[in-house]
Amino acid sequence: MTASWLTWAFLSACFAAMTAICAKIGIDGINSDLATFFRTIVIIVVLGVILGATGKFQPLSTISLKSWTFLTLSGLATGASWVCYFRALQLGDASKVAPIDKLSVVMVAIIAAVVLGERLSIMGWAGVGFIALGAALVAIA
């Protein structure tokens, strides 16, 4: 569990790719909201097993109100994102939906700069711009 953030981010991208492909195949013949619900149950069970196996549960009373508030908001945003993502997958090609979904990278960079005070280099902003350009090219192709 001590690998670098880059290793974990790359693994996240790999699993996100698998998510899109598996979801596109699995959503055939099922309501997208029900598919999202099923996926959520699987995630809850898997995370429960991981937390139990690693002993990472902590008393809920040790979690600050700020953490509760922002994790709740994050959960609501995640749920909305998943509902929209599955609906988009049901209606469109995975090869087009996933890149547009990744515009979230552009949004995160902008919001992180404005709200969190994070700074990207010129090369970093160029990369963000290329992500936006790539998503736009996929959308019009």
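Start with Thr-36: leaving aside neighbours within four places in sequence, Thr-36 is in contact with Trp-82, Val-83 and Phe-86. Thr-36 sits in helix 2, which covers residues 32-54. Its relative accessible area is 7%, so Thr-36 counts as buried. Keep in mind that you're looking at a predicted model.

With neighbours up to four places away in sequence set aside, Ala-35 is in contact with Ile-27, Ile-30 and Phe-86. Notice that Phe-86 turns up among the contacts of Thr-36 and among those of Ala-35.

**The overall picture**

How many helices and strands does the protein chain have? There are six helices and zero strands. If you walk along the sequence, the pattern reads α-α-α-α-α-α. Picture a box around the C-alpha atoms, taken along the principal axes: that box is roughly 50 × 45 × 30 Å. Of the 141 residues in the protein chain, 12% are buried.

Now for the contacts. Take those in the protein chain with a separation of 6 or more: 67% of them join residues 24 or more positions apart.

And the confidence? The protein chain has an average pLDDT of 93, and 99% of its residues score at least 70. The lowest confidence is in helix 1 (residues 5-26), with a mean of 91, and the highest is in helix 5 (residues 103-115), at 96.

In soluble globular proteins, nonpolar side chains tend to be buried together. Here, the largest nonpolar core has nine residues: Ala-20, Ala-23, Ile-27, Ala-35, Tyr-85, Phe-86, Leu-89, Ala-94 and Val-97. Which helices each supply at least two residues of this core? They are helix 1, helix 3 (65-91) and helix 4 (94-101). Helix 3 gives the most, with three residues.

Gln-90 is in helix 3 too. With a relative accessibility of 33%, Gln-90 counts as partly exposed. Not counting residues up to four places away in sequence, Gln-90 touches Lys-24, Ile-27, Ile-30, Asn-31 and Ser-32. Ile-27, one of those partners, is also one of the core residues.

Lys-66 is another residue of helix 3. Is Lys-66 buried or exposed? Its relative accessible area is 63%, so Lys-66 is exposed. Over in helix 1 you'll find Phe-15, which counts as exposed at 52% relative accessibility.

**How far apart in space?**

| Pair | Apart in sequence | C-alpha to C-alpha |
|---|---|---|
| Gln-90 and Val-46 | 44 residues | 25 Å |
| Lys-66 and Leu-133 | 67 residues | 36 Å |
| Phe-15 and Ile-30 | 15 residues | 22 Å |

**Helix 5, side by side**

Let's zoom in on helix 5. This helix has 13 residues and reaches 18 Å from its first C-alpha to its last, close to the 18 Å expected at 1.5 Å a residue. Its buried residues include Val-106, Ala-109 and Ala-112.

The face of helix 5 turned away from the buried side carries exposed residues: Met-107, Val-108, Ile-111, Val-114 and Val-115. Just after helix 5 comes Gly-117, which takes a positive phi of about 75 degrees.

**What about the cysteines?**

A disulfide is a covalent bond between the sulfur atoms of two cysteines.

Cys-14 has a relative accessibility of 30%, so Cys-14 counts as partly exposed. For Cys-84 the value is 52%, so Cys-84 counts as exposed.

Key: Residues are numbered from 1 along each chain as its sequence is written. This is a predicted model: local features need pLDDT of at least 70, side-chain atom pairs count only at pLDDT 80 or more; totals for chains, interfaces and linings use all residues. Side-chain values use heavy atoms; hydrogens and water are left out. pLDDT is the predictor's confidence in each residue, from 0 to 100. Helices (H or I, at least four residues) and strands (E, at least two) are DSSP runs, numbered from the N terminus. Buried means under 20% relative accessible area, exposed over 50%, partly exposed in between (1.4 Å probe, protein chains only). A nonpolar core is a set of buried Ala, Val, Leu, Ile, Met, Phe, Trp, Tyr and Cys residues joined through side-chain atoms within 4.5 Å. Contact means heavy atoms within 4.5 Å. The expected span of a helix is 1.5 Å times one less than its number of residues.
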